[in-house]
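User: I am new to this structure and would like to learn how to read its features. Please take me through them step by step.

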Amino acid sequence: MKIAVVGTGYVGLVTGTCFAETGNDVTCVDIDQQKVDKLRAGEITIYEPGLDEIFLRNLKEERLKFTTSLEEGIKGAKIIFLALPTPPGENGSADLKYILGVADDLGKIMQDYAVVVDKSTVPVGTADKVREAISRNCSVDFDVVSNPEFLREGVAVDDFMKPDRIVIGVENERAKKIMSELYAPFLRSGNPIIYMDLRSAELTKYAANSFLATKITFMNEIAQLCERMGADVDMVRLGIGTDERIGKKFLFPGIGIGGSCFPKDIYALVTSASEYDYNFKILNAVMKVNQVQRLHLVAKMKKYFNEGLAGKHFALWGLSFKPNTDDIREAPSLYMIDALLEAGASICAFDPEAMPNAKNYYGSKIAFAESQYEALHNADALIIATEWNEFRAPDFQKIQNRLKSKVIFDGRNLFENSAMTQLGFHYESIGRSPVN
Ligand code: NAD
């Protein structure tokens, strides 16, 4: 089947590549000329484990093409995916300018019937707006479908190729048949396509992200209690996670929820709810708790250094919002870096994949190291912001030799308190007693 994917970022590139892998003829469209040039030349533009190999294979087989021309990209396409940004607008609601701008352009250039699919995370009612925008100038028949994406960065290829479920909001049999043909190869392990109306599909994505963000935030509050009550959050986590009704996943406390989706999607749902005259009280609380949690480690550092962070120098391990991605959007590390710089501290950071993005963002405001151990040189403490595997079992002798003093602030609870006691570090983590 001929498919167009408009927007070639984290979602668009994975979507386009995985659909090409199942034999479709895919053209990805992006307005960023540099990105398109790189992709055409076989250079992948995001770090996503496993994506390289299928990207290169499908590029070579010419099932995967890239262009900056929307007209060229959609020519002959039976399905047109919109994988465009939906950042927070002025009032917190998702800004639909990218989606509706492209929808408007599509109306002017579509020559044949196509299914236009919202893959971006969009507020309830967006499909109607997309239909309106296309209809204004369109002379051919088309359908609008909502197909929210549930992939997780870091395991996006697996999530896309073997999804738990595919949600499709659709209004007629013709579009439903086309979508079911497209997705048939992805359902071989028996996981379902859940068909529903457009509005329910749009809300499903926000409900999923908000629920998961609430689950983590709940554990962050339990962690706050543990610190005050002398309990150990990791024990509590194991104790509750074994209950099937609760489940083991998404119970890890840390330094707040981040990434390009959770914070903006909660904010957008709270705003949409208020537009429908509903105060989404739980999510308002989640946002407030998260603001505090992001800076919880910095608060611990201030206490340890008696408020005197000015002139201190810190090593920071991890910049991406989670491991196995180079994405730093809304990463907790950024909030910590900003607070530390404002307090007059300096930072040398290391991240296995996210340093190019962080360099673009910070320029020379912070230093970057070639390795995790180089970052430690002469630092007053090590801060851990992302749980990359290579940080989990480090050489503590090397850490000790390079740091000015044996102090670690760990936002991801990577080490056991008992081990840190034995090694003689001052070690502070989340929801557990400090080791002195
Ligand atoms: P992204 O910023 O990585 O990619 C968006 C791409 O669209 C960029 O490459 C940009 O240059 C391009 N673009 C902007 N305007 C364009 C236009 N007029 N024509 C063509 N291309 C244009 O964003 P993303 O992370 O891929 O997210 C896209 C959507 O998917 C968002 O709504 C997001 O909430 C949702 N989503 C993201 C994830 C994720 O993990 N990143 C997961 C599920 C859903």
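Analyst: Start with buried area: the accessible area (1.4 Å probe) that two parts lose on being put together, summed over both. The size of an interface is often given in this way, as accessible area lost when the parts come together. The model here is predicted, so local features need pLDDT of at least 70 and side-chain atom pairs count only at pLDDT 80 or more, while totals for chains, interfaces and linings use all residues. Residues are numbered from 1 along each chain as its sequence is written, and side-chain values use heavy atoms, with hydrogens and water left out.

User: Into which domains is the protein chain divided?

Analyst: Domain bounds come from an automatic or database domain assignment. In this chain, domain 1 covers 2-196, domain 2 covers 205-292 and domain 3 covers 294-428. The C-alpha centres of domain 1 and domain 2 are 29 Å apart.

User: What is the area buried between domain 1 and domain 2?

Analyst: About 1100 Å² is buried between domain 1 and domain 2, and carbon and sulfur atoms give 56% of this area. On the domain 1 side, the residues that touch domain 2 divide into eight nonpolar, five polar and three charged. Here Ala, Val, Leu, Ile, Met, Phe, Trp, Tyr, Cys and Pro count as nonpolar, Asp, Glu, Lys and Arg as charged, and the others, Gly among them, as polar. Contact means heavy atoms within 4.5 Å; 16 residues of domain 1 are in contact with 12 residues of domain 2.

User: How many salt bridges and polar contacts cross the interface of domain 1 and domain 2?

Analyst: A salt bridge is a side-chain nitrogen of Lys or Arg within 4 Å of a carboxyl oxygen of Asp or Glu. A polar contact is a pair of N or O atoms within 3.5 Å; within protein, one must be able to donate a hydrogen and the other to accept it, and residues adjacent in sequence count only if both atoms are side-chain atoms. Across this interface the rule finds zero salt bridges, but four residue pairs are in polar contact, both residues at pLDDT 80 or more.

User: How many salt bridges does the rule count in the structure?

Analyst: The count comes to 24. One of them joins Lys108 and Asp104, with the closest N and O atoms 3.0 Å apart. Both residues lie in helix 5 (residues 97-109), four residues apart, about one turn of the helix. Helices (H or I, at least four residues) and strands (E, at least two) are DSSP runs, numbered from the N terminus.

User: Which parts does the salt bridge of Glu171 and Arg131 tie together?

Analyst: Glu171 and Arg131 meet at 2.9 Å, N to O. Glu171 is in the loop between strand 7 (166-169) and helix 8 (173-183), and Arg131 is in helix 6 (residues 126-135), so the pair ties together parts that are 40 residues apart in sequence.

User: Is Lys300 buried or exposed?

Analyst: Buried means under 20% relative accessible area, exposed over 50%, and partly exposed in between (1.4 Å probe, protein chains only). Lys300 has 10%, so Lys300 is buried. Lys300 belongs to helix 13 (residues 296-304). A polar atom of the Lys300 side chain lies 3.0 Å from the backbone oxygen of Ser429. Leaving out residues up to four places away in sequence, Lys300 touches Glu227, Phe409, Glu428, Ser429 and Ile430.
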